[in-house]
Amino acid sequence: MYNTAYSAFTDALKREGKVITAYSDNASYNVIFRRNNDLNQLKNRLTIFYSADCGIHAGQMLTYGKKHFLALNQETPENDVYYKSNLIETNTTINMITNAGEVNIPVYAYDIADGLGQINNVMSVISGNMHIIAEPNSITKLLEINNQFDSCGRHWKINNIIDKDNIINLYCEVIATTPHTYTVTITANDSYHHGESAQLTAVAKQDDTVINNIPFVWTSSDTSLATVDNTGLVNFLADGSVTITATWTSQNVSGTKTIAITEPDTYSLSITADDSYTTADTPTLIANAQKNGTTDSTATITWTSSDTSIATIDSTGKVTFLAAGSVTFTATWVEQNLTATVTVSVTQPVSAGICIMTHNNGTHYLSTNILSLKEGGTAMPINALFQDGSGNTLTGLTPVWTLSDLTGITASDITLVAPVSGYPLRCTVQIARNTALINATFKLH
């Protein structure tokens, strides 16, 4: 008989079974529903049938669709093959603030005694008592005598608590409502750039007490500008002004934040440096960090060298060249993770050169040599020879000839032709005929 009953119930469960879930932990169960056919009853009662090993127990709150039901009992109709329970749909919610947290518990309320008055043909609770039954879970077990809550449009105080048949029984009376101020405040910046995302937060308060774990409902005034999910994460989509709202539904209180959405900032980084240096140079490279075209003096810049055998660079951009070659310097704008590079060539410096001045008779004249010129004499040619530090003659140069340190003579007494036509490295010097110029001196450069 057990096998026959088990097979029949299993077949029925496959044909008619529906999934119902536990309110406290979302565990799912497969059950068969039978509805109360007495249409004159205001109570929405159901009967469910389920396997003996299903896990449903008396006093449990179950959810089907968007409705909550309390299992009032548990019976064994047939050889421990399956159980049945009568369900009653919850008809109100306990809402209360306790231990800096909000509690919302679906319950079934009945037996309102001495609490009905008739005003303008509308029945309303004026005073009296009410009996509430609820699931014994982690929340309801925290309830204590004298706790106060809102339900059924009135404010109640718990006078007694009895745990009977695995169901919490609350015996309550109407009391005067204690006035409270409820507020919601959103924390966010005043502006964001489109393309950005931001996690907004909201704080709920009863008077000055912060209430935790509020399931806010988040909305955006214009979803073409910004969208917001149920955690307060906002995606900014386009330029404009948008208002984000967080609603504390149980208290019907909202907080808003109006946010400007703007174009993203533009950042640029460049390096000021020459194309080439010698190993004798010690330049300091300059990194130009700009935000929206304006120099950002707060930017943190780091420097690196592509080849430290050729050149090193310190944190200020100062370079030490060690050998000839090519090296690339990289500047990084730390806050923006932006980089700029410059490649420079490095050469050995050319040794200091000299200029040798000669008369056409081959005499060399350096800075300490003295050449005597006769007044009224013929023009004396002076040649310039330029050499680098290695003694190599440099060509293609045009010297600039100048006079200085004139003593006993004026520039008008000296005829200086430089350069001489056909001889770009030659200058001719002739002194005017004037005996007063004897022993006069000047320097030719």
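This is a predicted model: local features need pLDDT of at least 70, side-chain atom pairs count only at pLDDT 80 or more; totals for chains, interfaces and linings use all residues.
Which strand gives the most to the lining of the second largest pocket?

**Stop 1**

The volume here is about 270 Å³.

Now colour strand S8 (92-98) and strand S13 (148-151), the elements that each give two or more residues to the lining. S8 settles the opening question: with 4 residues, this strand gives the most.

Next, colour the lining by residue type. You will find 11 polar residues, 5 nonpolar ones and 1 charged.

**Stop 1: the largest nonpolar core**

Move on to Leu200, Phe216, Trp218, Phe236, Ile244 and Ile259. In this core of 24 residues, they touch the most other members. Then show the strands that give two or more residues to the core: S16 (182-187), S19 (201-206), S22 (226-228), S23 (233-236), S24 (240-248) and S25 (253-262). Of the elements, S24 gives the most, with 4 residues.

Zoom in on Ile244. Leaving aside residues up to four places away in sequence, its contacts include Ile186, Leu200, Trp218, Val228, Val234 and Ile259. Ile244 also touches Thr219, Ser220, Gly255, Thr256 and Lys257.

**Stop 2: a second core**

Finally, select Trp303, Ile313, Phe321 and Ala331. They are among the 20 residues of a second, separate core. In soluble globular proteins, nonpolar side chains tend to be buried together.

Conventions
Residues are numbered from 1 along each chain as its sequence is written. Side-chain values use heavy atoms; hydrogens and water are left out. On a 1 Å grid over the protein atoms alone, a cavity is a set of points where a 1.4 Å probe fits but cannot get out, and a pocket is an open set with protein on both sides within 12 Å along at least five of seven lines; lining residues have an atom within 4 Å of a point. Grid points are joined across faces, edges and corners, and a volume is the space filled by probe spheres set on the points. Ala, Val, Leu, Ile, Met, Phe, Trp, Tyr, Cys and Pro count as nonpolar, Asp, Glu, Lys and Arg as charged, and the others, Gly among them, as polar. A nonpolar core is a set of buried Ala, Val, Leu, Ile, Met, Phe, Trp, Tyr and Cys residues joined through side-chain atoms within 4.5 Å. Buried means under 20% relative accessible area, exposed over 50%, partly exposed in between (1.4 Å probe, protein chains only). Contact means heavy atoms within 4.5 Å.
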